[in-house]
Amino acid sequence: MSGTQIQLKSCSKTFPDGTRALSPTSINVSPGEILALLGPSGCGKTTMLRIIAGLESPDETGKVFFDDSDVTSIPIEKRSVGMVFQSYALFPNMSVRENIGYGLKIKKISTEKIRDRVDEVMALCQLEGLGERNIKALSGGQRQRVALARAVAPQPKILLLDEPLSALDAGLRDQLRDELAILLRSLSITTVFVTHDQAEAMAIADRVAVMQKGHVLQIDDPRKLYTAPDNAFVARFVGAANELSGRLNNNLFSLQGGSLQLPEGISAVSDDKIYVRQEAIKLIPPSESELKGKVLSSTFLGNSQKIVLSDVCERLVNVITDPFSKYEIGQEVGLLIQVEDILVLRDD
Amino acid sequence: MLLQRGNKMRNISPSFTFQLAVTLLACAFLLVPAVMSIMAGFTANYFKGISSGLTIKWIIEVWELYADSIGRSIILAIACLFFTLIIGIPAAYALNQMKPRFARILEEFVSLPLSIPGLALALALLQLYGTMSGFRLSSWFILTGHVLYTLPFMIRSVLAIFTAIDLKALEEGASSLGASSWQRFKDIAVPNALPGILAGSLTVVTLSIGEFNLTWMLHTPLTKTLPVGLADSYASMRLEIASAYTLVFFIMIVPLLVALQWLSTRTQKIGESR
């Protein structure tokens, strides 16, 4: 299975009632890459996936390329895409084996070859022994795996997944997320998947496209997105961030609880806000810091501890710290923030 | 569970007794005429009562007089089913794929024959085709009326199950695997809609066999059907024969109704399990 490159060239989508689901968007997905489309519901991510699949056509100016061929006007059944649907869309009138083999049967492949390929895919997706089962007799996790097996069995050029894990319980979802990440990587098919869950996007994808209101705000690898988001929306969507508001004077940022020295050239901050991740704030004795706050609560989380501070700025500040240091409620603490952890962001 | 029930049995409240009495009374109201009628069909002389003895000679006589009407009704019902199937299933499939608003308007049009009295519908057919005497005098004329009248039931039944199984999603799944629209229709749509198709079929057969209004206007003395023959026997035969005819009608229609009931509960369950 070699990778196919996907290119979207200024694809937009306006529905007949006038709603703009997707603003003109151009993206490239490299051969073999796994791209996540991440965003809240209604951000246009599913529309984009359906345009790639061929279930929706882009507005007139848009073009979709698989490698060098323009597939814009080719219907889904001729695009050779494998797709996993949010509802899985498994065929209730067929057994597990028949579901997985359906795409091969359509291709008029011989019965023995279908059997071999189905066996192979079932082993890959850990479905051994379930071949004769009825779809209704499967658990949620098994259905998800059958849907994936059915999509990859005909060896598609690209694989598309629409919220592949959202129909599962939270516990199962965590487990299957890791399995899916390993499986997709081993397939090395160009993959695009849609999710609203940042943990899922981060765990599975090579690159994540964060979307909002029909626009792609940023496409980057997960670490870059987390540490260097382009704007406040991305920063908040890919992980919790504290918003600190104050007043910038030369390079000194003054807040209710003290001040922070910002590096040179950062003065272009709009709205006088900076963002800091929860785990980037260290708590030190108040005497050692120019910026102070008061402990409002501490919550033991097992592998970490969450401290909520008041009196730092107008908003409460959340800090994730080591689990075993004791903090009294009302105690005054100092905040230590490294300059490189300060996110200066355009507002959304 | 059992214990609870036992407790309830012991404290039978007056309101329960009252409800039971009303229910039994209503049942009697509905059932006694039917039982009387059936008994009349077996009684040698209804005016003398059961004391005149039981007989099946009336039933035999009905068979001799009206066998061709009964046969015609069965053939008509099967032919009607055939046409509603080959028109109704593709029509429902097409409606399901259309934009909802457009599909709703079309569905209203298809259902229009239901809101027009059968007599008016028959009159329209007579006005339109009455001069084509070959057609007018054959059973095909009645068949046309039956198909017109039963088609909406088939379409609605199949359309309902297409919605219940979320056919659109299933079809998207099939098309992503390379299936053409014909393959999707025969591999996915029809097999998964079978309970709805069966329910629709039973409705069509039951309605076709029992249809009177339309048929009465459209029939000729040579193309009588079961219900038309029934009316005929009520009007012109002695009471015992009419009753025996009713019995024959019951025997044919009741199993169909029971099967229909059973199927529609099953179809509902399919809808709910989604």
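**Two interfaces in one predicted model**

Across the interface of chain A and chain B there are four residue pairs in polar contact, with both residues of each pair at pLDDT 80 or more.

Staying with chain A, which elements give two or more residues to the side that touches chain B? They are β6, residues 81–84, and α2, residues 96–106. The largest share comes from α2(A), with three residues. By class, that side of chain A has 13 nonpolar residues, three polar and three charged.

Now the salt bridges. Chain A and chain B have two between them. In one of these, A:R50 pairs with B:E172, and the closest N and O atoms are 2.6 Å apart.

Next, the extent of the contact. Chain A brings 19 residues to it, and chain B brings 17. The size of an interface is often given as the accessible area lost when the parts come together. For chain A and chain B, the area buried between them is about 1,700 Å², and 58% of it lies on carbon and sulfur atoms. On the chain A side, three residues supply 30% of the area buried against chain B: A:E77, A:Y102 and A:I106.

The domain assignment divides chain B into domain 1, residues 13–55, and domain 2, residues 66–272. How far apart are the centres of domain 1 and domain 2 of chain B? Taken over C-alpha atoms, the separation is 33 Å.

The two domains of chain B do touch: ten residues of domain 1 are in contact with eight residues of domain 2. Together domain 1 and domain 2 of chain B bury about 690 Å², with 70% of that on carbon and sulfur atoms. B:S37, B:I38 and B:G41 supply 44% of what domain 1 buries against domain 2, more than any other three residues.

How many salt bridges are counted between domain 1 and domain 2 of chain B? The count is zero. The side of domain 1 of chain B that touches domain 2 has six nonpolar residues, four polar and no charged ones.

To put the two side by side: chain A and chain B have two salt bridges between them, while domain 1 and domain 2 of chain B have zero.

Key: Residues numbered from 1 in each chain as written. Chains lettered and ligands numbered in written order. Predicted model: local features only at pLDDT ≥ 70, side-chain atom pairs only at ≥ 80, totals over all residues. Heavy atoms only, no water. Domains from an automatic or database assignment. Contact = heavy atoms within 4.5 Å. Buried area = accessible area lost by both parts, 1.4 Å probe. Salt bridge = Lys/Arg side-chain N within 4 Å of Asp/Glu carboxyl O. Nonpolar A, V, L, I, M, F, W, Y, C, P; charged D, E, K, R; others polar. Polar contact = N/O pair within 3.5 Å; in protein donor to acceptor, adjacent residues only side chain to side chain. Helix = DSSP H or I, 4+ residues; strand = E, 2+ residues; numbered from the N terminus.
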